[in-house]
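Below are my notes on this model, written for someone who has not looked at it before. Please read them with the structure open.

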Amino acid sequence: MKPIVSIIMGSTSDLPVMEKAAKLLDEMQVPFEMNALSAHRTPEAVEEFAKGAAERGIKVIIAAAGMAAALPGVIAASTTLPVIGVPIKGSVLDGVDALYSIIQMPPGIPVATVAINGAMNAAILAIQMLALSDAQLANSLAQYKQGLKKKIEKANEDLKGSFSGIGVSFRMEHDSVTIMSVIHGGPAEKVGILAGDRIISANGVSLCKMNSSEVMKHLKGQKDSEVILEIIRHGSKEALSFNVIRGDIPIESIDASFLIDKEIGYIRVKNFGEQTYAEMLTALAHLHMNGMKSLIVDLRGNRGGYMHTA
């Protein structure tokens, strides 16, 4: 496929930043090219590239540069194609010089400028431009942005310490949903669902061959809502049906708490959520009761969270 987006860098040293744009364009199946051209060292090549880009089928140009950062502006001056500028951090001014150089263009020669090292947003902006005349790409972009929303919702669930669901952990095994464990006191346990059961459908929708994220969409839901699960259990000749009322499922931010020896306690905190402080007090009290005199708090892999909790 012919490239329709061109990523131009002032130097190959900019590649670690700009590969984020390349990766997103690739994921969205937007054909692109990448080259290094310098407005100062190879001015003739830059002008030739800019003047011939449209004729080669390029529709959007993403130009990245640091320090004096003349590249995006020089390209914009020689083409009618939209140019997106990416200021690169790396000089003594941490990229602010590049930002000002790119954004302060004279009237008639605009460059759409993103944040310093903002390669990802440059790619998204290019995709948005292309999506105006490409319905399939517009749909892919909408799905991508919906995915961003779901990531934030998932992060908020982790921080709040609970979500509404059926109270099981599962894994995909041979294209089916196998329950690994059932949360004590949770909705699934209350109706008799067991570890080892395989869920084959939820509210009449087959869960076979779905990925974990798609399965979660069917198992999670509003608190007190009902989901009808069809389950296959080892030793049972027929599928079993369970009506489960979704409820609040706790998400613990302290996932390990024990004594390493008679006097040294160990607590691992995986994030800082709304319930972390209460969980910490409970864990400390339990360890003190068992003779703890010193403590190791393990924050390796901690995903962060609420500052006031930390």
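1. S14 and S15 run antiparallel and are joined by five bridges. Two strands count as paired if DSSP finds at least two bridges between them. Helices (H or I, at least four residues) and strands (E, at least two) are DSSP runs, numbered from the N terminus.

2. The model is predicted: local features need pLDDT of at least 70 and side-chain atom pairs count only at pLDDT 80 or more, while totals for chains, interfaces and linings use all residues. Residues are numbered from 1 along each chain as its sequence is written, and side-chain values use heavy atoms, with hydrogens and water left out.

3. Which sheet do these strands belong to? An open sheet of three strands has the order S14-S15-S16, and its pairing is mixed. S14 and strand S16 (294-298) are the edge strands, each pairing on one side only. Direction ignored, neighbouring strands of this sheet are turned by 15° against each other on average. Axes are lines fitted to C-alpha atoms, for helices over the stretch in contact, and angles run from 0 to 180 degrees between N-to-C directions.

4. Helix H9 (residues 276-289) lies across S14, S15 and S16, and its direction is at about 160° to S15. Contact here means heavy atoms within 4.5 Å.

5. A salt bridge joins the side chains of Arg-268 and Asp-255 (2.9 Å, N to O). This pair links distant parts of the chain, with Arg-268 in strand S15 (residues 264-269) and Asp-255 in strand S14 (residues 254-259), 13 residues apart. Arg-268 is partly exposed because its relative accessible area is 32%, and Asp-255 is partly exposed as well, at 39%. The cut-offs are under 20% relative accessible area for buried, over 50% for exposed, and partly exposed in between (1.4 Å probe, protein chains only). A salt bridge is a side-chain nitrogen of Lys or Arg within 4 Å of a carboxyl oxygen of Asp or Glu.

6. How many aromatic pairs does a search of the whole structure find? The search gives one. The ring centres of Phe-258 and Tyr-266 are 5.0 Å apart and the planes are at 35°, so the pair is tilted. Rings of Phe, Tyr and Trp (its six-membered ring) pair if their centres lie within 6.5 Å; planes under 30 degrees apart count as stacked, over 60 as edge-to-face and the rest as tilted. Phe-258 has 41% relative accessibility and therefore counts as partly exposed, whereas Tyr-266, at 11%, counts as buried.

7. Another open sheet has five strands in the order S2-S1-S3-S4-S5, with parallel pairing. Its edge strands, strand S2 (32-36) and strand S5 (112-113), each pair on one side only. Strand S4 (residues 83-88) pairs with S5 in the parallel sense over two bridges, and Ile-84 has Ala-112 in S5 as its bridge partner. Helix H4 (residues 96-103) lies across strand S3 (60-66), S4 and S5, running at about 160° to S4.

8. The salt bridge count comes to eight. In one of them, Arg-56 is bonded to Glu-33 by this rule, with the closest N and O atoms 2.9 Å apart. Arg-56 lies in the loop between helix H2 (43-52) and S3, and Glu-33 in strand S2, so the pair ties together parts that are 23 residues apart in sequence. Arg-56 is partly exposed at 37% relative accessible area, while Glu-33 is buried at 15%.

9. Arg-171 and Glu-173 also meet in a salt bridge through their side chains (2.6 Å, N to O).

10. Helix H5 (residues 119-131) has 13 residues and reaches 18 Å from its first C-alpha to its last, close to the expected 18 Å. The expected span is 1.5 Å times one less than the number of residues. Among the buried residues of H5 are Ala-119, Ala-123, Ile-124 and Leu-130.

11. Tyr-144 lies in helix H6 (residues 135-160). Leaving out residues up to four places away in sequence, Tyr-144 touches Leu-24, Met-28, Met-120 and Ile-124. The C-alpha atoms of Tyr-144 and Met-307 are separated by 29 Å, and these residues are 163 residues apart along the chain.
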